[in-house]
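Here are some friendly notes to read alongside the model. I have put them as numbered points so that you can check each one on screen.

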Amino acid sequence: MGRETAGKTIAQNRKAFHDYFVEERFEAGISLAGTEVKSIRAGKVNLKDCFCTVEDGQLVVIGMHISPYEQGNIFNKDPLRKRVLLMHKKEIMRLFGKVKQEGMAIVPLSLYWKGPHVKVELGLCRGKRQHDKREAMAKRDAHREMDRAMKQANARR
């Protein structure tokens, strides 16, 4: 792996920020096959509709689509298979407790390189309602208008 990929973001889940309020963020490793890593290096990964659950004491990501590697043959894995996330047992149990008691969700926010390893940024999220989404869009539009007005005022000087 070259130095140019160290610390580089591979993919982001922008839909998660639209659908959820992110309360806390965590970092986790991910267990991958060799051809999956090569496909990730080519940027062929999609986090759009994925989420995490706890199965048998392990944190598992479901719905992460990693396209099959073109040069891989029998070693290619199913693109939508469940992938185990690597976290300490105490952290997993704490997340599991919050999900069960408070009705929150664990959502992958981004995938990135940390040295030679692929890491997943997880968010402990609370779902947005429709009026929350409209409010967030109105705030974003208002900020955009203010920035545009400030830029025009500065250009007139």
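1. Let me start with a charged side chain in the interior. Lys119 is buried (under 20% relative accessible area, where over 50% is exposed and anything in between is partly exposed, using a 1.4 Å probe and protein chains only), yet it takes part in no salt bridge. A salt bridge here requires a side-chain nitrogen of Lys or Arg within 4 Å of a carboxyl oxygen of Asp or Glu. The nearest side chain of opposite charge belongs to Glu27, 4.8 Å away; for charge, Lys and Arg count as positive and Asp and Glu as negative, while His and the chain ends are not counted.

2. Before going further, a word on the basis of these notes. This is a predicted model, in which local features need pLDDT of at least 70 and side-chain atom pairs count only at pLDDT 80 or more, while totals for chains, interfaces and linings use all residues. Residues are numbered from 1 along each chain as its sequence is written, and side-chain values use heavy atoms, with hydrogens and water left out.

3. Back to the surroundings of Lys119. This residue is found in strand β9, residues 117–127; helices (H or I, at least four residues) and strands (E, at least two) are DSSP runs numbered from the N terminus. Which residues does Lys119 contact, leaving aside its neighbours within four places in sequence? They are Glu27, Ala28, Gly29, Ser110, Leu111, Tyr112 and Lys114, where contact means heavy atoms within 4.5 Å.

4. Now the overall fold. The protein has four helices and nine strands, in the order β-α-β-α-β-β-β-β-β-α-β-β-α along the sequence. Its radius of gyration is 19 Å, well over the 15 Å that the globule rule gives for 157 residues, so the protein is more spread out than a compact globule. That radius is taken over C-alpha atoms, and the rule is 2.2 Å times the number of residues to the power 0.38. Along the principal axes, the C-alpha atoms fill a box of roughly 65 × 40 × 25 Å.

5. Of the 157 residues, 32% count as buried. The protein exposes about 10300 Å², with carbon and sulfur atoms supplying 50% of that area; accessible areas come from the Shrake-Rupley method with a 1.4 Å probe, and for residues only the protein chains shown count as cover. Among contacts between residues at least 6 apart in sequence, 69% join residues at least 24 apart.

6. Next, the charge pairs. Side chains of opposite charge can pair when their charged atoms come close. How many salt bridges does a search of the whole structure find? It finds eleven. One of them joins Arg126 and Glu23, at 3.7 Å from N to O. This pair links distant parts of the chain, with Arg126 in strand β9 and Glu23 in strand β2 (residues 20–30), 103 residues apart. Arg126 is partly exposed at 35% relative accessibility, and Glu23 is partly exposed at 44%.

7. Glu24 is partly exposed, with a relative accessible area of 25%. Apart from neighbours within four places in sequence, Glu24 is in contact with Arg94, Lys98, Leu122, Gly123 and Leu124.

8. Helix α4 (residues 130–156) has pairs of its own. Glu135 and Lys139 lie four residues apart in this helix, about one turn, and form a salt bridge with their closest N and O atoms 3.9 Å apart. Asp141 and Arg144 are three residues apart in helix α4, again about one turn, and their salt bridge has a closest N to O distance of 3.1 Å. Asp141 is partly exposed at 39% relative accessibility, as is Arg144 at 41%.

9. On the cysteines: the structure holds zero disulfides, a disulfide being a pair of cysteine sulfur atoms within 2.5 Å. Cys50 is buried at 5% relative accessibility, and Cys125 is buried at 1%.

10. Finally, a backbone point to look at. Asp56 has a positive phi of about 55° although it is not a glycine. Asp56 sits in the loop between β4 (51–55) and β5 (58–62), and is exposed at 81% relative accessibility.
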